[in-house]
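Hello,

Here is the structure for you to look at. My notes follow below it.

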Amino acid sequence: MARSAKSDRPRVLRKDRTGANPVTVGILALVVILIACWFAFRKDNPLSSPFKLQAVFQTSNGVRQNMPVRIAGVDVGKVKSVEAQEGTQATVIVMEVDPRGLPIHKDAELKIRPRIFLEGNYFIELKPGTPSQPTLETGDTVPVTQTATPVQLDQVLTSLQQSTREDLQGLLQGFGDGLTREPTEAEDATQAASVRGKTAAQALNKSLDDAPGASRGTAVVNSAIVGNGNDVSATIKALDGISRSLSGETAALQDVVVNFNRTAAAFADESSALSEAISELPGTLKTANSTLTALNEAFPPTRAFAKEILPGVEETQATIDAARPWLAQTTALLSPDELQGLTSILAPTTEDLAEAGNGTLGLLQQQNLLAQCATKVLLPTGDVVIEDGPRTSGVENYKEFFYALVGFNGESQNSDGNGQWLRATVGGNSKVETGVTPLGVKLYGNALLPPQGTRPAMPTKLPTQNFDANCKDQARPDLNSAVTGSPDGQNTKPGKFLGFGDTASASASSTSSAPRESRAQAAKTKSPDKAQVAASRSEQPTTSVAGGLLGVLNPLRDTEGTP
């Protein structure tokens with residue numbers, strides 16, 4: 001049946017048979033050949049997932065895409081992209097590394113190196129790191145602390161500009177002058193006798209005489225540093241671990257640098273105080289040297305004491321056994337029912353004391369401002385000598401103030417039940433009269449000549465006060481800028497010139513111009529009898545004469561009321 005079925009098929013001639021188009025077959029064959037050639041000549045496999053590594057550099061330094069990545073001079077990858085890191089001035093370089101360049105460890109280092117002259121441009125040198133460190137995964141980033149860029153010629157030339165060269169020349173010349181300059185007598189006075197009269201270079205040469213002993217001491221120190229042989233390597237390994245830990249904390253290190261900058265600025269603000277402190281170092285070191293010498297001399301007695309105390313140390317166990325009952329009693333004393341309970345009761349007080357301590361910070365700041373005000377304004381102002389023409393005393397004004405107090409004290413040695421009082425003898429022809437004083441009476445005086453003026457002139461208002469700036473930052477008062485004002489009783493509001501109330505005072509000039517007889521008659525008619533004087537004294541306040549004079553002399557008194 002099968003044979004008959006095959007024989008029943010219609011027979012087709014060769015010329016009538018149809019199949020695939022030869023052109024189509026040729027094109028497909030050509031495409032297959034091209035794909036095979038592309039795979040044959042291309043090193044990477046597009047179907048595989050390459051290992052990508054990112055690294056942060058301070059600058060790309062001319063690195064371009066497809067530049068090689070090498071380990072020990074062998075190409076193990078290439079640069080895929082160069083991008084700027086967001087928020088910084090650094091550059092992120094993305095690389096593809098072949099499997100033969102793996103593994104790459106966490107402490108890997110990358111450097112941008114110039115290629116040889118015939119190659120041109122740059123390549124990235126990769127050091128995979130130590131095998132003991134963890135390995136990096138694809139897409140991981142190497143921090144900027146583990147990358148480096150080459151130094152360019154323009155950077156070298158920029159660092160040696162004219163100003164830098166001049167500074168370097170000045171430094172070298174100053175160093176040479178410091179070595180060859182002859183010392184002054186004042187400088188020699190602070191030096192050791194062995195180097196007096198010698199230049200710095202000669203003194204340095206002289207110090208070489210002590211080099212053998214110093215070298216022996218250095219050898220002992222180096223031997224101690226070497227230790228058992230493994231100490232230095234262990235220290236270096238520990239420092240390496242610390243450095244690697246710090247390298248991963250870039251932000252924290254930046255904060256440390258910023259805080260150090262602030263600390264340095266604070267020290268710079270106190271440069272004068274630091275200079276004074278450093279100037280005291282030679283004396284301190286001299287004292288420390290003598291102290292160490294005395295301590296060295298005390299060692300032999302200390303050794304003898306140690307030998308003598310050995311028998312007592314041997315008796316320590318017996319002493320401890322005898323002290324056990326006391327220790328038991330002390331333990332009971334320190335129990336919760338005793339001192340521990342007292343401690344818990346005192347804990348709130350301790351907290352209050354701590355808060356009080358914190359509260360003193362503001363007080364200390366105000367005391368600091370007060371001290372600076374006294375140092376920069378008050379004390380320098382008190383040291384000013386007031387120039388008053390032929391009446392200039394030639395001493396500081398604060399001394400004049402105390403001289404006046406001493407003079408008042410000497411003149412007021414007489415006293416009664418109300419305290420000390422001052423008696424003054426007046427004379428002359430020109431009469432000076434005040435308003436009503438706080439004592440309820442007027443004060444009179446005679447002058448040889450009419451008053452010509454007052455110096456300094458009495459201000460009509462209080463000085464302007466600036467509450468927006470600290471005292472230490474304000475200008476010092478100019479004590480020699482005083483002007484001469486009108487004489488007492490002239491061109492002044494009546495009763496306000498001396499601040500004794502609102503009663504008008506008589507003009508000294510008009511009094512002096514009146515005839516002597518009329519003034520005598522006026523004095524006689526105005527003279528109260530003894531009963532009136534006693535009554536007026538009984539009605540007077542108990543303020544002393546010195547208190548009234550101080551009120552008069554106060555330039556900041558309230559001129560509208562009682563001084």
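Eight strands make up an open sheet. Their order is β7-β1-β4-β3-β2-β6-β5-β8, and the pairing is mixed. Please keep in mind that this is a predicted model.

The edges belong to β7 (141-142) and β8 (147-148). Each has a single partner strand, so one side of each lacks a neighbour in the sheet.

Strand β5 (residues 109-114) runs parallel to β8, and two bridges join them. Lys-111 has Ala-148 in β8 as its bridge partner.

Ala-55 stands opposite Val-142 in β7.

β1 also pairs with strand β4 (residues 91-97). That pairing is antiparallel and spans seven bridges. Lys-52 faces Glu-96 in β4. How much of strand β1 (residues 51-57) is buried? Five of its seven residues are, which leaves the strand mostly covered.

Next, the rings. A search of the whole structure turned up one aromatic pair. Phe-401 and Phe-402 form it, with an edge-to-face arrangement. The centres are 5.4 Å apart and the planes are at 70°. The cut-off for edge-to-face is over 60 degrees. Phe-401 is partly exposed, at 49% relative accessibility. Phe-402 is partly exposed as well, with a relative accessible area of 46%.

Best wishes

How values were computed
Residues numbered from 1 in each chain as written. Predicted model: local features only at pLDDT ≥ 70, side-chain atom pairs only at ≥ 80, totals over all residues. Heavy atoms only, no water. Phe/Tyr/Trp six-rings, centres within 6.5 Å; stacked < 30°, edge-to-face > 60°. Buried < 20%, exposed > 50% of the residue type's maximum accessible area, 1.4 Å probe, protein only. Pairing = 2+ DSSP bridges. Helix = DSSP H or I, 4+ residues; strand = E, 2+ residues; numbered from the N terminus.
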